[in-house]
Amino acid sequence: MRLLRIVPDNTKFRIVHWRRLAYPFSAAYSVLVLVLFLTVGLNFGIDFRGGTLMEMQAKSGKPDIAQVRQTANSFGFGEVEVQEFGSAGDLSMRFALQPGGEVAQQAVVTKAREAFSTNYEFRRVETVGPRVSGELVQAGTLGVVLAIVGVLVYLWFRFEMQLAIGAIVGTMHDIVLTMGFFLITQLEFNLTSIAAILTIVGYSLNETVVVFDRTRELLRRYKTMPIPELLDLSVNSTLSRTAITSTTTILALVALVFFGGTAIEGFALVMLFGVMVCTYSAMFVSTPVLLYLDVRAGRLDQSEELAEAKARV
């Protein structure tokens with residue numbers, strides 16, 4: 001029985017050559033992310049902004065979004081965001097945080113139930129106060145920062161300095177591009193998004209470590225091979241593993257996007273984008289960075305010389 005091979009053996013793709021397109025693309029995308037972050041901003045969810053979120057489903061027929069919005073705005077609780085989501089008949093209402101504490105938030109829920117319970121079934125009602133939302137912002141930000149710092153420290157000790165710099169560049173690149181996905185799509189940014197970003201950081205680290213481990217091995221084996229050829233060889237020799245890992249992960253995430261329901265749809269979409277970005281980054285961003293660094297210098301050669309000296313003794 002012949003084994004399935006997504007990528008043929010002995011591939012010789014000129015991966016490093018494509019940096020001339022990959023780097024301008026990533027740079028332009030990063031600038032766009034910065035501009036959108038300063039002008040548009042993230043679409044923070046109820047977890048971070050505070051307020052009341054209600055998800056309803058029409059008991060029959062298609063919901064009248066305009067009528068629901070008009071009725072909700074007449075409550076006197078400020079501008080209400082009403083939009084469809086998920087399957088036909090589902091819609092969500094988002095009320096801003098009301099002054100007056102928990103009593104005021106419950107008044108919003110009571111008023112909405114009185115107005116819409118006849119024609120709609122309430123699937124989810126979530127209320128977050130200002131104190132809780134502020135604590136969630138702090139905890140989420142701290143968690144992401146500590147995770148990134150931990151990954152950077154690991155990379156610094158895991159590889160020689162030149163390889164560590166390349167891995168750090170790739171990891172930060174993947175985070176920036178993922179944040180750009182939130183900014184461009186205006187997908188709701190909540191605690192689930194924090195979990196998705198942390199997962200993407202781990203996936204990015206895994207992809208980079210696999211390629212760079214092979215790079216380090218080849219540096220010791222082929223001491224006179226030109227660096228561009230060596231980097232192409234390191235990527236091509238791990239390309240089959242990368243393709244299999246990415247393909248299986250993408251297939252699982254596509255299934256979650258279409259069949260996982262609205263509760264995890266946002267997480268699955270971000271992860272799907274992140275996996276593709278991490279795969280692209282490991283080959284076309286992190287690895288070509290080594291061209292601009294003296295990867296044959298530093299601790300790598302010193303350890304080689306020490307091992308050869310011990311062998312001669």
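Is phenylalanine 75 buried or exposed? Phenylalanine 75 counts as buried, because its relative accessibility is 14% and buried means under 20% relative accessible area, exposed over 50% and partly exposed in between (1.4 Å probe, protein chains only).

## Basis of the model

This is a predicted model, in which local features need pLDDT of at least 70 and side-chain atom pairs count only at pLDDT 80 or more, while totals for chains, interfaces and linings use all residues. Residues are numbered from 1 along each chain as its sequence is written, and side-chain values use heavy atoms, with hydrogens and water left out.

## Annotated regions and helix H1

The unreviewed UniProt entry annotates residues 21-46, 136-157, 164-185, 191-212, 243-264 and 270-293 as "transmembrane region"; such annotations may be inferred rather than shown by experiment. In the model, residues 164-185 are 100% helix and 0% strand, with the end C-alpha atoms 32 Å apart, and residues 270-293 are 83% helix and 0% strand, also with 32 Å between the end C-alpha atoms. Helices (H or I, at least four residues) and strands (E, at least two) are DSSP runs, numbered from the N terminus.

Helix H1 (residues 19-39) has 21 residues and reaches 30 Å from its first C-alpha to its last, close to the 30 Å expected at 1.5 Å a residue. Its buried residues are Arg19, Ala22, Ser26, Tyr29, Val33 and Leu36.

## Nonpolar cores

A nonpolar core is a set of buried Ala, Val, Leu, Ile, Met, Phe, Trp, Tyr and Cys residues joined through side-chain atoms within 4.5 Å. The largest has 53 residues, and Phe159, Phe189 and Phe212 have the most contacts inside it. Helix H7 (191-221) is one of the helices that supply at least two residues of this core, and H7 gives the most, with 12 residues. Apart from this core lies another of 19 residues, among them Ala72, Leu91, Met93 and Phe95.

## Aromatic contacts

The structure holds 12 aromatic pairs, meaning rings of Phe, Tyr and Trp (its six-membered ring) with centres within 6.5 Å, where planes under 30 degrees apart count as stacked, over 60 as edge-to-face and the rest as tilted. Phenylalanine 75 and phenylalanine 77 form an edge-to-face pair, 6.4 Å centre to centre with 70° between the planes. Phe75, Phe77, Phe95, Phe116 and Tyr120 form one aromatic cluster.

Terms used. Expected span 1.5 Å × (residues − 1).
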